[in-house]
Amino acid sequence: MPSVDTLIQTIRTTGAGASCTPDLAKGPWEFDRVTGYGPGSSMGDVIPVGAPRQGALPEQYRLAANDELHARIRAAKETLGSRVVILGHFYQRDEVVQHADFLGDSFQLANAAQTVPEAETIVFCGVHFMAETADILAKPTQNVILPNLAAGCSMADMADLDSVEECWAQLEEIYGAEPDADGRVPVIPVTYMNSSAALKGFCGRHGGIVCTSSNAETVLEDAFARGQRVLFFPDQHLGRNTAKKMGVALEQMPMWNPRKPLGGSTSEQLQDARVILWHGFCSVHKRFNVGQIEAARAEFPGVRVIVHPECPMEVVDAADEAGSTDYIRKAVAAATEPTTFAIGTEINMVNRLAAEFPQHTIFCLDPVVCPCSTMYRIHPGYLAWVLEELVAGRSPNVIEVDEVTAADARLALERMLALRPKPMPGDPAPASTAHAPAPRSREGVADAVVASGGPVGSAAASDSVAGSTAAAPNVEV
Ligand code: 13P
Ligand code: SF4
């Protein structure tokens, strides 16, 4: 199976097939200095004022052929040796993943820094919030580099500190600050990992916590034990899908639109709320719809449909299972019989699973090739550039979270890391795991990350969000 990059180049040159825009075949340097996210799933989203912009990539990298770039990356890596570690997210293009020392989800990669204390520099092939989190969790002496500063996340950009503080002030007016008779505070803020360090810091300061798509249910259980309700940002879909699975009624999940007074709800609705959902979403996962699931079922009777919980609720409800990128990977890896999987997540990851597990038929629910455009900003040209700069003794594109914000954000991250994990597909049977000690230290969690090409290990607290139809065998939901 050709990589997504190769496929897009083929579409451009032959006009064959479907792609959300053939402009994807252009180098990201053509889009880095314009407002907007460039072609791909997030191209319609607004880039916030003040978001980092990438400077011009030197011409020698822009004009180099792919083979030359790969040779230069390999040579620079060899020179740098164990001083540098390259982390790659599951959604990165294969052309970048082939150079990664570790491949994983956002949570695993954030912790990977701690498995390589000898590395002076972590080159993070992911998006901005992931590099920030790695910087918060890394040793103070380690530098984290994002090869292209324009690789943000349009969902993370949908909630900023000012708007969340404004929301918090309005909620305090409604709820006051006093705990109830059980000692539960009025609201616990919960931020998805896909958020700025400033928002993680906000959560740290206000008794809140971070969650990822692999542990959202565990985190919400913790929040409900300590608070009467939750303010969940920035992804409405992950918040809604998770809380719905936990039995929270939809009427008790009002949306908070930061552009409207009281977020667009009445104070009665907010009084009754259990989860207040920020008006954010992922443009990649918003593309999936129920019609695609119906079409997959019609064409492949018995198909197993697994989607990411960033998908809209109707899609999660219609799927057989929903879970994080790590969950999806483990569910596929754990299937013992040849199976047809229709997957609702980013195309690079789906195509890689298809290549890695040829005994199964694996395809993306969305037939149009449309990668996460922000992840796609990390091109081998940028990777070659940062590595050769490091060889020359310079450190470009260092992502540095100020120490005050980092200390608060660490609090919220460590509250998450202290939670007990839930089993994932392929994990040992419940009898052997139910009473196993949770990875309470960052070191324990860091074991989860594995070398690229190898099997991905278990993350910390790992949940899945089940669809309303049958859960798969082997999968604890
Ligand atoms: P993971 O947390 O599963 O890596 O997902 C990150 C992401 O951006 C999903 O869209
Ligand atoms: Fe952000 Fe969506 Fe891309 Fe994930 S897939 S990095 S949530 S834009």
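I started with one residue pair: Phe-232 stands opposite Leu-277 in S9. I took strands (E, at least two residues) and helices (H or I, at least four) as DSSP runs, numbered from the N terminus.

This is a predicted model, where local features need pLDDT of at least 70, side-chain atom pairs count only at pLDDT 80 or more, and totals for chains, interfaces and linings use all residues. Residues are numbered from 1 along each chain as its sequence is written, chains are lettered from A and ligands numbered from 1 in written order, and side-chain values use heavy atoms, without hydrogens and water.

Next I traced the sheet. Strand S7 (residues 227–233) runs parallel to S9, joined by three bridges. Two strands pair if DSSP finds at least two bridges between them. The open sheet has five strands in the order S6-S5-S7-S9-S8, with parallel pairing. S6 (209–211) and S8 (255–256) are the edge strands, and each pairs on one side only.

Then I checked the annotation. Which residues does the UniProt annotation "binding site" cover? The unreviewed entry lists Cys-153, Cys-282 and Cys-372; such annotations may be inferred rather than shown by experiment, and positions follow the numbering used here, with feature names shortened. They spread over 220 residues of sequence, yet their largest C-alpha distance is 9.3 Å.

I looked at two of them. Cys-153 lies in the loop between S4 (143–145) and H7 (161–175). Cys-282 lies in the loop between S9 (275–278) and H12 (290–299). Cys-282 is buried too, at 11%.

Note on methods: Buried < 20%, exposed > 50% of the residue type's maximum accessible area, 1.4 Å probe, protein only.
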